[in-house]
Amino acid sequence: MTKIIFPLCVLLAGLSIKYTKAQSLTEFNKAPLKQQVYVQLPLGSIKAKGWLLKQLEQQRDGATGMAEELYPEKDNLGKNTDWLGGEGSSWERVPYYVKGLVALAYTLDDPMLKAKAQKYIDWTLNNQQANGLFGPPKMKDWWPRMPMMYALQSYYEATNDKRVIPFLSKYFQYELDHLDANPLSEWAKARAGDNMEIAIWLYNKTGENYLLKLVEKLKQQAYPWIDIYTNNGFYFFGDDFQPKHMVNVAQALKFPVVYAQLQDSPGNLQAFTKGISHIMHDHGQPEGLGSGTEFLAGNSSIEGVETCTVVEWMQSLETAARVVHEVKVGDQLEKVAFNALPAQFSRDFKNHSYYTLPNQVQSIYGEHGFNQDYASGIVSSPYSGFGCCRYNMHMGWPYYIKNSVVATPEKGLAFSTYGPMEIETMVAGNQKIKITEETNYPFEEQIRLKVGLVDPVFFPLILRIPAWSVKPSIKLNGVILGGVKAGEMFTIKRKWEDKDQLELNFPMEIITSKQVNNSVSVERGPIVYALEIKAENRVTKTHAVAGFTDYEIHPQSAWNYGLMIDKYSLNQASLFRSKMPENPFIAAYASLKIKVLAKKIPSWGLDYNKVAAFDVPYSPIASVEKPEEIVLVPYGSENIRLSCFPVIGQPKMINRTLVENFDQGMASNWVFYGGGWFWKDGKMNVSSNPGSGGFGINGSKYVANDTDFRNFIYQAEVKIDTKGDAGLMFRVAKPAIGPDAYQGYYVGLDQVNGTIVFGKADGQKWTVIGSKKYSVETNKVYILRIVANGSKFDVFVDGSARPVLSASDSQYQSGSIGLRTYKALASFDSVKINII
């Protein structure tokens with residue numbers, strides 16, 4: 001961290017200040033908690049301006065403000081909901097909604113939204129049971145109370161309502177007294193980090209030691225998230241889906257840093273960093289977070305991100321930024337906020353999509369084969385997919401704003417993220433300050449901070465310097481400061497005066513980042529860019545609430561482009577600027593667009609179901625089409641998009657030898673389609689998926705898309721753990737999600753029928769070419785070897801001198817290799833292939 005200390009300051013003309021209600025309700029960590037932890041400013045201390053304010057206003061006028069009208073049933077947000085004393089069974093839905101509603105209401109200082117929130121807050125506070133339990137009396141679940149506690153925390157910091165602290169104290173004492181008899185389970189066991197965070201917040205208000213005992217007990221009863229993140233163990237729990245459910249994974253990212261405040265060991269903090277690294281390596285997507293439909297789903301360009309995952313990932317990073325004072329946390333948070341978050345919503349915030357995909361070239365009804373599949377899962381609707389996201393999504397922008405600037409124990413301020421805002425708070429103990437942040441960031445590179453003070457005051461101001469910035473600079477009252485470096489926190493300690501001004505300049509360059517199948521994403525600063533696709537919205541349903549409809553989105557221009565770039569560099573790309581619009585997340589009016597040369601790839605189209613595109617083809621890929629200039633726009637400005645681009649060039653595939661022992665984890669350039677694959681003990685394993693609804697779980701594939709073999713000897717170790725079959729794929733092309741969604745051959749050990757089966761898939765059609773009786777035992781390692789020479793195939797098992805099965809077929813001449821299971825759990829190791 002760079003520090004600049006000024007003994008004096010220069011007074012220049014600037015901004016005067018009128019104070020309304022600067023608040024001082026912040027308490028820092030008390031002993032024995034970890035020190036040097038930042039805290040949130042009271043809700044309402046930070047107001048949005050400019051384009052950020054527009055997002056909040058659209059929430060107010062759209063899905064957030066109209067939620068009670070959209071979802072009036074007693075089990076949702078109706079007048080007869082159990083969270084208002086009614087007969088419904090809202091469970092998590094009211095708490096989710098109120099958590100975001102309170103944050104939005106007080107950030108906007110909107111009376112209508114405050115009134116909507118107040119009835120839920122008042123009922124909750126006024127109906128606590130004598131023993132301390134709160135919420136609907138018939139609700140026997142710890143989990144839904146956790147998001148309601150966040151709502152109460154925010155409400156208290158905005159209003160200082162004296163009912164909140166004793167209310168939470170009484171509840172936490174009840175919880176501590178009853179957790180042994182009624183331990184955490186399911187969602188509460190997965191999301192205990194939320195409960196722990198509020199208990200620590202309350203401890204800093206009251207100093208009651210039982211709260212730290214509660215934090216420890218919650219940690220003991222929760223899933224072992226610190227071990228899970230450290231060891232990439234999301235899939236280590238068999239039939240228990242909770243630790244691989246991506247919303248849980250995103251929500252629990254805060255768990256290690258929350259607990260690190262009680263047990264300040266390097267391993268706890270490292271678990272947070274390692275967890276993100278594992279997720280991004282195995283499941284990462286260009287918009288800055290991991291896939292999950294709903295389970296962790298690999299890095300394919302046609303796997304999705306759930307709206308709940310986006311907002312929970314953001315909140316975890318917001319919490320982490322207060323404990324882990326590293327630039328990369330804020331960088332990651334901004335990338336998700338500026339790309340993934342707006343992409344989940346319609347341009348007017350009336351609709352959302354349950355899932356969004358990096359390469360989502362149309363948005364229509366239909367099955368994708370996801371682990372949890374919904375026909376409406378990528379359709380723009382107030383009712384897209386499952387019900388959780390339509391209630392949880394409301395906290396995204398308000399929480400981003402209220403966590404952008406935090407208080408430091410040195411009685412100063414730290415900027416974790418940036419955007420057009422106005423901050424009113426206290427520094428140096430009790431000195432009122434107003435900082436106006438004037439900027440169109442991240443759509444421009446300059447940020448101007450104008451300080452308003454009544455009297456001069458000494459305090460430290462900490463500024464995050466993004467790691468992606470090229471030669472960043474800071475001016476204080478027109479004077480350039482030294483020591484500003486990208487990727488560092490920059491501290492200015494000085495006596496500040498009224499009308500002081502800072503100018504932050506974070507130059508951005510256009511770069512590419514490697515994505516699945518050696519494709520690239522295009523980035524500039526924190527913004528990811530996607531192909532501008534002309535779209536047509538076709539209304540499929542009109543709802544009773546005026547102005548709300550469901551609609552499919554169909555492309556009206558070509559999307560199957562590969563970029564013409566030299567050595568994956570975009571030096572020849574052109575940046576085009578226009579006037580900053582009121583809402584920057586509308587592609588047609590985007591203030592910054594990128595133009596680059598590309599070629600169409602005619603062989604790349606929609607998959608077998610005609611619902612989604614095929615996965616991005618492996619790069620480089622040849623094309624004889626004419627070069628065209630295409631336009632790229634911000635990722636979050638569209639609801640259909642192409643963001644993983646193939647690169648035009650001479651194909652370079654592995655086609656002679658390959659040895660993959662899976663010694664270091666999931667293999668480079670292998671991609672899984674359907675179900676779940678994970679690395680453990682030096683082997684690749686297929687995940688259990690009980691209760692899943694997608695057909696993709698039945699035939700899960702793991703394909704080395706960077707290979708192209710014709711005639712060869714292909715061998716691997718295969719162990720089947722349950723009924724079903726597992727084996728080797730070869731001469732594979734166009735893999736997609738679904739049991740037979742590929743073109744190519746497969747040899748499998750069929751445990752159910754006691755056979756070795758050899759067949760082929762052509763899209764979604766499976767044809768048996770030959771089979772032979774062979775006793776297949778579970779939990780036994782078999783060495784499966786295939787000799788392919790032209791149209792002839794011989795299959796050997798465990799070093800047999802003669803083929804166990806021989807067959808002929810001439811449909812597929814060459815292609816990739818891979819691993820596959822069909823309705824079975826299995827593991828694979830020691831993959832070897834040589835040409836003949």
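Predicted model: local features only at pLDDT ≥ 70, side-chain atom pairs only at ≥ 80, totals over all residues.
Trainee: What makes M280 count as a lining residue of the largest pocket?

Mentor: A lining residue has an atom within 4 Å of a pocket point. The largest pocket, with a volume of about 840 Å³, has 38 such residues, and M280 is among the closest to its centre, together with H281, G284, K514 and Q515.

Trainee: Which helices and strands supply at least two residues each to that lining?

Mentor: They are α13 (266-283), α15 (327-343), β17 (510-514) and β28 (670-673). As for domains, domain 3 (510-645) and domain 4 (658-835) each contribute at least three residues to the lining of the largest pocket.

Trainee: How is the lining of the largest pocket divided by residue class?

Mentor: The lining has 17 nonpolar, 14 polar and seven charged residues.

Trainee: Why is the second largest pocket said to lie between domain 3 and domain 4?

Mentor: Both domain 3 (510-645) and domain 4 (658-835) give residues to its lining, and therefore the pocket lies between them. Its space amounts to about 530 Å³. Of its 25 lining residues, P617, Y618, A733, K734 and P735 lie nearest the centre.

Trainee: Which strand gives the most to the lining of the second largest pocket?

Mentor: That strand is β31, with four residues. At least two residues each come from β31 (699-709), β33 (725-733) and β40 (815-822). By class, this lining comprises 15 nonpolar, seven polar and three charged residues.

Conventions. Residues numbered from 1 in each chain as written. Heavy atoms only, no water. 1 Å grid on protein atoms, 1.4 Å probe; cavity = no way out; pocket = protein on both sides within 12 Å on 5 of 7 lines; lining within 4 Å. Points joined across faces, edges and corners; volume = space filled by probe spheres on them. Nonpolar A, V, L, I, M, F, W, Y, C, P; charged D, E, K, R; others polar. Domains from an automatic or database assignment.
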